[in-house]
Amino acid sequence: MVWVASLILASGTHARQDSGDDSAAKTRRIKANMVRNLVFPDYTIWPSKTFENARSPLVIGVLGADPFGEDLDSAAMTEVPAKSERKIKVVRDADPTKLASCHLVFIGSSEKDRLKEVLKAFEGRPVLTVGDTDGFAERGTLINLGLKTTVVTVKDKVTGIEKEVTKTKVTLEINLDTVDRLKAAGVTVTSRLLELNFDKKVRDEK
Amino acid sequence: MSSVLMLAYVALLATFQDQNPPPPPPKPPQDLTEMSLEDLMKLEVTSVAKREQPFIEAPAAITVIRGEDIHRTGVTSIAEALRMVPGVFVGHLDSSKWAIGVRGFNDLFSNKLLVLIDGRSVYNPLFSGVYWDVQDTLLEDVDRIEVIRGPGSTLWGANAVNGVVNVTTKKAQDTQGGLVTVLGGNQEQLTAGARYGGKVGDDLYYRAYVKYENHASFTGGNDAWSISRAGFRTDWTPDRDNAVTVQGDLYDGEEHNRLRLASLTPPFTSQFEAPTYVHGGNLLGRYEHNFGSDCQFRAQTYWDRTGRLYDILDETRDTLDLDLQLRFPIFWSQRITIGAGYRWTTNDTSGSFSASLNPAHRSDDVASTFIQDEIPLVENVLTLTLGSKFEYNNYTRFEDEPGARLSWRPHERHALWASASRAVRTPSQFEEDVTANVQVLPPNPPSPFPTVVRFMGDHAFKAEELRAYELGYRTRPVDPLILDAALFFNDYHRLRTSEQGTPFVEGGPPPTNAVAPLTAANLMEGHTYGAELAATWQVAEGVRLYGAYTFLRMHLHTTDDSTDTSSPVTQEHASPSNIVYLRGSWDPVKDVTFDLMGRYVDFIPAWKVRHYVEMDARLAWMITRNLEAAIVGQNLLHTSHFETTDSQIGNPATQVQRGGYLSLTWRF
């Protein structure tokens, strides 16, 4: 048993990247980076009134249940000068009014039942609303993240053995009425963002 | 200068480019923070939804016999299906008995092969072997038979020394509806089976079957036999992450046997002819839970009863087994599998002059645990698997069986693997407790008494040990051709011998006799080596060729203190050096299939069995979508031939004879 353990440890010191994420962690990181990218000028043009000065950060707020944890923090911390000279800050709160001056607010699934009141708090304000819960886009959230899963049978070329493989993609939905409302509030969603391959483009449900 | 080198490198690369370039070198984990929204949206995260059993992906010498192969070759038993696997010797001893071994050591009481049916071990610890006549089910419901040559000890523990045969039946959801099959011929006189599968709601599937088979004697023998069998299986999947299986079987049969036994009265041998009654049953439950994130749990428990009554040595055995397994990933993409198991087995025996056990009633238990770590050294290219099984049994106390395997995938179409492992075969009840009067020698003047040659078990008998080293290569150079090769070197220690003791005269009731005692000991060792090749070639649409070649050499010798002069020679030369198996499958017209199977088995010196070539053929016609008729010919080239010699307990080998049968299968 001892030699088994020492061999495991020995192979462990082999310098390798940490590629041990499982699929759930990988999709979480993809979503976190998508949320972070939404505040970049490539996708959203902010009116100057949303910044105190030229060095003020872009603020991403997380309301309620936070599905990203440190994934969002590390995405925010990584500076991408080519995309934006501003730093990105992340704040978390359970009270929507406290996040009213964020540039983007991610609304957690915990807010499902009171989404209407939450969105009211951001009405008319230059805030991008983003969620990842079914139905949020139809109810007024600007962008909703979703998952699309397909199961594929893959046949190993040499052994001929078939394996079932799940492929997961993160999808986006957009509410076009909210785009118009944001325009009225001074925030312009770029054509680059509008031309993304959205899974669904919806309008407010009546 | 550097640009010249660059050009040379590119040119070199270009010459090795083919239609299927090697997989790109593993990328460093993508830096998501640098990607645009468009690129992030294109990313696909892959995860293996369902993990196969570990050994399928394990780098080892594995051959999978699919249900379709069983169906198209027309074999009528699991034992016979094993003929198509390289590295396996299959000898039909008489109508109901088989001598089967992997990489040598293949007699009726072949003791180095573990056989499992749906996770239930059918290995009998009485003599450390398998009674093939009762290991059966409705063959149409067999999903696959996996044969692993080489020690499967890490996962299956002791006694999976030379190999493992793992039979898996189809899930209940894959055997829905009714099936009736009937076949009749001169050898397989009648086999009739019926199965019905249905479902309850959307998650619970079940099936039940009955089967009756009746086989004729071989030429010159008295070995006709018949067995009735019934069983069921239910599979319940309440949701995507949970599965529960309950299954069971019952069988009852009668076999005719003729045995040549030793006797104390002249002429000192007697012919024993009496039926053997076999019966048994099992009940198995299995629960699998998927935690997500590649983490799975499995619990299995079963009860098995097997009985064989034939007046020489009756045995009824009950076994209870519990097995738990957990698989989960850890840092650096490693996958750990851990397991724990407990097995309790008890039997009742009653003996005779020829063989008896002392104690006649015995219980044994084994507790085991194993751990396996799959370490991707280079993701998808180089994987190291380390593991060990630890057992505590009441025969030899503690055994550990470590193993290491390395698999290398340098190219999409080539896979290499290597392994080193240790395996043990724990003593059987026979080797510890038996008293077997195997032969009686007539009085030899000046001795006035006949001499009984008596083999006796010894509690000091130790486990046999194997250290195995293997190398393998699999390739699919072009899509229609698959080649699979394995080389092995097996180093054995403490193999069983029969040591001669000092003869003595036995007092007691007349007739008085002398005894020449033989005691079981572990004084033989040696090595075996060989190669196994298998090739599959899809020649054209509807034409497929398969070939398997086995090469084996054995070198065994006793250690200095041994007085056994026969074991090395008999074991060493008790396997054929070469076996060839060829099969051609052809679909000549729509709804008609034809299969031709040929085999060559080299001569077996110790058994004085000549080499032979034989052929089977099957022609089938789908009369309607639900009705298939087939005509099968077996052992067509000769009227009859021997495949083995008499067994150690006196079953005379009978000749396998030319046979054929007609079958009808109706599905509804």
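Predicted model: local features only at pLDDT ≥ 70, side-chain atom pairs only at ≥ 80, totals over all residues.
Although B:R494 is not a glycine, its phi is positive, at about 55 degrees.

B:N635 counts as buried, because it has 22 C-beta neighbours inside 10 Å. Most residues other than glycine have a negative phi, and most peptide bonds are trans.

## Cis peptide bonds in chain B

The bond that joins B:P266 to B:P267 is cis, with omega near 0 degrees. B:P267 is part of the loop between β13 (242-262) and β14 (269-292) of chain B.

Another cis peptide bond runs from B:N358 to B:P359, here with omega near 15 degrees. B:P359 is also a loop residue, placed between β18 (355-357) and β19 (361-378) of chain B.

## Surroundings of B:M456

B:M456 lies in strand β24 of chain B, which spans residues 451-456. It counts as partly exposed because its C-beta neighbours inside 10 Å number 19.

When residues up to four places away in sequence are left out, B:M456 touches B:V434 and B:T435, together with B:P517, B:L518 and B:T519. The C-alpha atoms of B:M456 and B:S498 are 8.7 Å apart, while 42 residues separate the two along the chain.

## Overall composition of chain A

Chain A contains six helices and nine strands. Of its 206 residues, 33% count as buried. Among the contacts in chain A between residues at least 6 apart in sequence, 73% link residues at least 24 apart.

## Packing of helices α2 and α3 in chain A

Two packed helices are described by the angle between their axes and the distance between the axes. For helix α2 (residues 23-38) and helix α3 (residues 70-77) of chain A, the angle is about 45 degrees and the axes are 9 Å apart. The two helices are therefore oblique to each other, and α2(A) passes α3(A) in a right-handed crossing. On the α2(A) side, the contact is made by A:R28, A:R29, A:A32, A:N33, A:V35 and A:R36; on the α3(A) side, by A:D71, A:L72, A:A75 and A:A76. By type, the residues of this contact comprise five nonpolar, one polar and four charged.

The buried residues of α3(A) are A:D71, A:L72, A:A75 and A:A76. They sit on the same side of α3(A), because they cover an arc of only 130 degrees around the axis. Besides α2, the buried residues of α3(A) pack against strands β2 (58-63) and β3 (88-93) of chain A.

Helix α4 of chain A covers residues 115-122, and within it A:V118, A:L119 and A:F122 are buried. These residues are on the same side of α4(A), because their arc around the axis is only 95 degrees. An α-helix has 3.6 residues a turn, so residues three or four places apart point the same way. On the other side of α4(A), the exposed residues are A:K116, A:E117 and A:K120.

The buried residues of α4(A) pack against β2, β4 and β5 (128-131) of chain A. Just after this helix, A:G124 adopts a positive phi of about 75 degrees.

A:V105 is found in strand β4 of chain A, which spans residues 104-107. This valine is buried, because 27 other C-beta atoms lie within 10 Å.

Leaving aside residues up to four places away in sequence, A:V105 touches A:G61, A:L63, A:L99, A:F122, A:V127 and A:T129. One of these partners, A:F122, is also among the buried residues of α4(A). The C-alpha atoms of A:V105 and A:V130 are separated by 6.2 Å, with the two residues 25 apart along the chain.

Conventions: Residues numbered from 1 in each chain as written. Chains lettered and ligands numbered in written order. Axes fitted to C-alpha atoms, helices over the stretch in contact; angles between N-to-C directions. Helix = DSSP H or I, 4+ residues; strand = E, 2+ residues; numbered from the N terminus. Parallel < 35°, antiparallel > 145°, perpendicular 65-115°, else oblique. Left-handed = near helix turned anticlockwise from the far one by under 90°. Contact = placed C-beta atoms within 7 Å. Nonpolar A, V, L, I, M, F, W, Y, C, P; charged D, E, K, R; others polar. Buried ≥ 20, exposed ≤ 12 C-beta atoms within 10 Å, placed from the backbone. Arc of directions from axis to C-beta.
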